[in-house]
Amino acid sequence: MKQFIDALYEQLDKKKERIIKIREELHAHAEESFKEQWTAQYILDFYKDLDCEVKSSVGNGYGIVVTIDSLKPGKTLALRADFDALPIKEETNLPFASKTEAMHACGHDGHTAYLLVLAETLIELKDQFSGEIIILHQNAEEASPGGAKSMIEAGCLEGVDNVIGMHFMSNMPVGTINYHIGNAQTGRDNFHLTIHGQGGHASSPHSANDTIVAASYFVMSVQTIISRRLNPFDVGSITIGNFNGVGANNAINGKVVLGGDVRSIAPETSQKIEEEIRNKVKGIEATFGVTCDLDYIHDYPVLYNDPDITEFAIRAIQSHPFDELKGIHAVSPQPPSEDFAYYAQKVPSTFLWIGCQSEDQEKHPAFPHHHPKFYMDEGALIVAAKGMAAIVATYLEENNIK
């Protein structure tokens, strides 16, 4: 196994600048979820002369599944990278800044770049391992319903034993690999609430039924679910992201539409929050004499990192350290939601976080993900590539009989 890992590391070192170049090219051509036509073609062109099987348009969009078969018995490990961007106008002034109205403000360009080159290297060295590697280039992670669920429904996990994913994190130092066992990222729900009342003249509120007042009460009241209805040791959040009650100053509005986002770190908490929101809706109907239409949508589930495969992945990296690795850390669960959670519901999986926060905070301050000035230290790319290489090599060596 040491010979295989050494060969992987050696080849990745030679291709380090190429990974960066690919990342910057993808960054400059950022595309929103479900619109990733150029990006998907770039990925397909990358593989066209390589010895592997490629399936395109897998699932509900531009998903791509690549099979690297050693033709020798062994387990099947899937590696996943998403490749969509966000509808954000970039403000970084980088020489490779996005030329489109979208932006890679979450690092998916980096995910794709490191995994493309790692996949190429695994193809070149496939005579040195047993088993099969599946590369999941997933579309549309950012926008519900996401790409993962439909790719699974299309069969991308057939025969797969485990899935490994990685995500660059701007709140973690470059050079670090970070993990959490168990519930690792929040589940996400969202809802749309339409409140119907009776419009009227502002001078005669008694003859109308004011939906602005009812909606405002709902906005304030719903926050008490977190502070008064959840166990203090449970984690949840409710955000009212939009409030559409536009009208004239001297008119009472007969209709208001609200949109909300719910996050939780346990399915039971999600169920509790939904139950309480429905109670609040019934309450404002009774209190204000309005009628309500509530559309409550369960979106990405809680991401669960299987203990065994997570501990295995960390042990694999610890057993094969490399120069760019500055630390491996157990960290707290992370607030964002991730549709990688769908893979983890099907087979034991783990999702690791690769630090990409620049050491030079004066030159490159750490902006959060989804910010127009999001910055990723490109030193993180080789850390991800070698970290995943260590996991793959160890996995295929230790699980070579299926």
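This briefing looks at one strand with its partners and at one helix pair. The model is predicted, so local features need pLDDT of at least 70 and side-chain atom pairs count only at pLDDT 80 or more, while totals for chains, interfaces and linings use all residues. Residues are numbered from 1 along each chain as its sequence is written, and side-chain values use heavy atoms, leaving out hydrogens and water. Helices (H or I, at least four residues) and strands (E, at least two) are DSSP runs, numbered from the N terminus.

- In strand β8 (residues 187–196), 8 of the 10 residues are buried, meaning under 20% relative accessible area with a 1.4 Å probe and protein chains only.
- β8 pairs (at least two DSSP bridges) with strand β12 (residues 255–264), antiparallel over 10 bridges.
- Strand β13 (residues 291–298) also runs antiparallel to β8, joined to β8 by 8 bridges.
- D189 faces V262 in β12, and the bridge partner of D189 in β13 is H298.

**Helices α2 and α4**
- The axes of α2 (residues 16–28) and α4 (residues 108–124) come within 8 Å and cross at roughly 140 degrees; axes are lines fitted to C-alpha atoms over the stretch in contact, with angles from 0 to 180 degrees between N-to-C directions.
- α2 and α4 are therefore oblique to each other, as angles under 35, over 145 or from 65 to 115 degrees fall in other classes.
- Residues in contact (heavy atoms within 4.5 Å) include R18, I22 and L26 in α2, and D109, Y114 and E120 in α4.

Technical notes. Buried means under 20% relative accessible area, exposed over 50%, partly exposed in between (1.4 Å probe, protein chains only).
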